Structure formats: C-alpha cells, structure tokens
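Please keep the structure in view while reading.

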Amino acid sequence: MVYNVKILFTLCKFLSNTSLFLMDWIMADDILYLLDGKGALQGVQLSVSLWREVESLVKPKLKKKEMFVEQEEGPLRDFETFMKYWDFPYPYSPQVTCPHCGASTDDWRKEGGKNFILTNANLGGLLVFHCLACGTTIRHKHFRDHVSHEHTVFVKK
Ligand SMILES: [Zn+2]
C-alpha cells in the first residue's frame with residue numbers, strides 16, 4: 001500500500017547532501033513523495049518540468065551510484081584470509097552465477113570478462129558479490145557440508 005503525500009522539499013539540500021530534508025507539509029505540485037503503510041519514504045516522483053530542470057544534476061549521481069562499483073582491496077584481503085583458514089571438506093568453487101540476469105563466470109577472480117565484484121568476505125564463510133550486469137547482490141554462504149546461494153535483486157531507490 002502506497003500513500004501519496006506532497007511535501008515541500010529543499011531540492012538543493014537533497015542534491016548536495018543525498019540525505020532527505022523534509023521542510024513542511026504543504027502542497028508542492030512538482031514533487032510527490034511515495035510513502036509505504038508505515039510512513040517510510042519509498043520513492044520521490046518529480047514533475048516533468050522539474051525533472052527537466054534538475055536532470056543534468058541528478059543523472060551523473062545516479063550513474064555513479066549504480067554503475068561504478070569497483071573492486072576494493074579490503075574484501076579481497078578478507079577473501080585471502082578466508083582461503084588461508086579454509087578447512088571445509090570440499091574444495092572452494094569460484095564459480096558465480098547471477099540468478100536474476102544469468103551472468104556467469106567460472107572464476108570471479110579472473111581478470112578478463114569480469115562479471116562480478118566481491119563486496120564482502122568474512123571468516124564465517126560469507127562471500128558477497130555484486131553483479132555488474134544488473135546490480136543483484138549474490139551471497140555464497142559456506143557451511144561445513146554445503147554452500148548456500150542467496151541473492152537480492154537490485155531495486156532503484
Ligand atoms: Zn545479474
């Protein structure tokens with residue numbers, strides 16, 4: 001259930017800060033807030049005229065947020081530590097498949113044709129990958145006798 005609430009909003013604050021800044025409960029024809037049943041903000045809808053004004057400011061931020069996920073060193077180091085202490089009775093499999101878009105690799109560590117980025121790894125056996133094709137989060141949970149695969153589809157906020 002989505003309720004529509006119109007709220008005046010300091011757009012400049014939003015664009016420069018990314019945190020939402022709700023000013024007042026009055027009618028503002030250019031911005032529509034979409035709240036869920038608990039009152040939590042789920043989306044913001046702009047009028048076409050306002051969108052045309054701010055599009056050039058917003059788009060680079062969206063693109064940066066959605067597309068440019070880079071492999072960071074921290075998770076790779078944590079993965080190496082995980083491998084160092086690997087004591088499960090089965091060999092590690094570097095194969096990753098995205099259940100959402102079908103992207104797949106035999107070995108996510110390979111340089112060429114990299115489809116996935118390791119975003120988190122820990123000694124408890126959890127490896128988290130980001131699918132570069134569609135943004136889905138893929139989790140490989142390593143247990144003593146099996147690996148559990150889970151995923152969360154990327155939803156634009
Ligand atoms: Zn995918």
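In this predicted model, four strands form an open sheet in the order 8-9-10-11, and their pairing is antiparallel. Strand 8 and strand 11, the latter covering residues 147-152, are the edge strands, each of them pairing on one side only. Neighbouring strands of the sheet are turned against each other by 25° on average, direction ignored. Helix 3, residues 73-84, packs on this sheet, where it touches strand 8 and strand 9, and the direction of the helix makes about 70° with that of strand 8. Strands of a sheet in general pair through backbone hydrogen bonds, in either a parallel or an antiparallel way.

| Strands paired | Bridges | Residues between the strands |
|---|---|---|
| Strand 8 and strand 9 | five bridges, antiparallel | four residues |
| Strand 9 and strand 10 | five bridges, antiparallel | five residues |
| Strand 10 and strand 11 | six bridges, antiparallel | four residues |

Individual residues show how these strands are set against each other. Phenylalanine 129 has isoleucine 138 as its bridge partner in strand 10. Further along the sheet, histidine 140 stands opposite histidine 149 in strand 11.

Two of the turns include a glycine with a positive phi. In the hairpin of strand 8 and strand 9, glycine 125 takes a phi near 105°, and in the turn of the hairpin formed by strand 9 and strand 10, glycine 135 has a phi of about 85°. The C-alpha atom of glycine 135 is separated by 9.4 Å from that of cysteine 101, although the two residues are 34 residues apart along the chain.

Which residues make up the largest nonpolar core? The core has nine residues in all, namely Val96, Cys98, Trp108, Phe116, Ala121, Leu127, Phe129, Cys131 and Ile138. Strand 8 (116-121) and strand 9 (126-131) each supply at least two residues of this core, and the largest share, three residues, comes from strand 9. Phe129 and Ile138, already met as bridge partners, are both members of the core. Cysteine 98, another member, is in contact with Ala103, Cys131, Ala133, Cys134, Thr136 and Ile138 once its neighbours within four places in sequence are left aside.

Helix 3 can also be described on its own terms. This helix has twelve residues and reaches 16 Å from its first C-alpha to its last, which is close to the 16 Å expected at 1.5 Å a residue. Although helix 3 packs on the sheet, the helix is hardly covered, and the count of buried residues among its twelve residues is zero.

Seen as a whole, the chain has three helices and eleven strands, and from the N terminus on its elements run β-β-α-β-β-β-α-α-β-β-β-β-β-β. Buried residues make up 7% of the 157 residues in the chain. Of the contacts with a separation of 6 or more, 38% are accounted for by residues 24 or more positions apart.

The chain averages a pLDDT of 79, and 75% of the residues score at least 70. Over residues 1-27 the pLDDT is below 50, and this stretch has 39 contacts in the model beyond near neighbours in sequence. Where pLDDT is low, the predicted coordinates should not be read in detail.

Notes
Residues are numbered from 1 along each chain as its sequence is written. This is a predicted model: local features need pLDDT of at least 70, side-chain atom pairs count only at pLDDT 80 or more; totals for chains, interfaces and linings use all residues. A nonpolar core is a set of buried Ala, Val, Leu, Ile, Met, Phe, Trp, Tyr and Cys residues joined through C-beta atoms within 7 Å. A residue is buried if 20 or more other C-beta atoms lie within 10 Å of its own, exposed if 12 or fewer, and partly exposed in between; C-beta atoms are placed from the backbone. Two residues are in contact if their C-beta atoms, placed from the backbone, lie within 7 Å. Two strands pair if DSSP finds at least two bridges between them. Axes are lines fitted to C-alpha atoms, for helices over the stretch in contact, and angles run from 0 to 180 degrees between N-to-C directions. The expected span of a helix is 1.5 Å times one less than its number of residues. pLDDT is the predictor's confidence in each residue, from 0 to 100.
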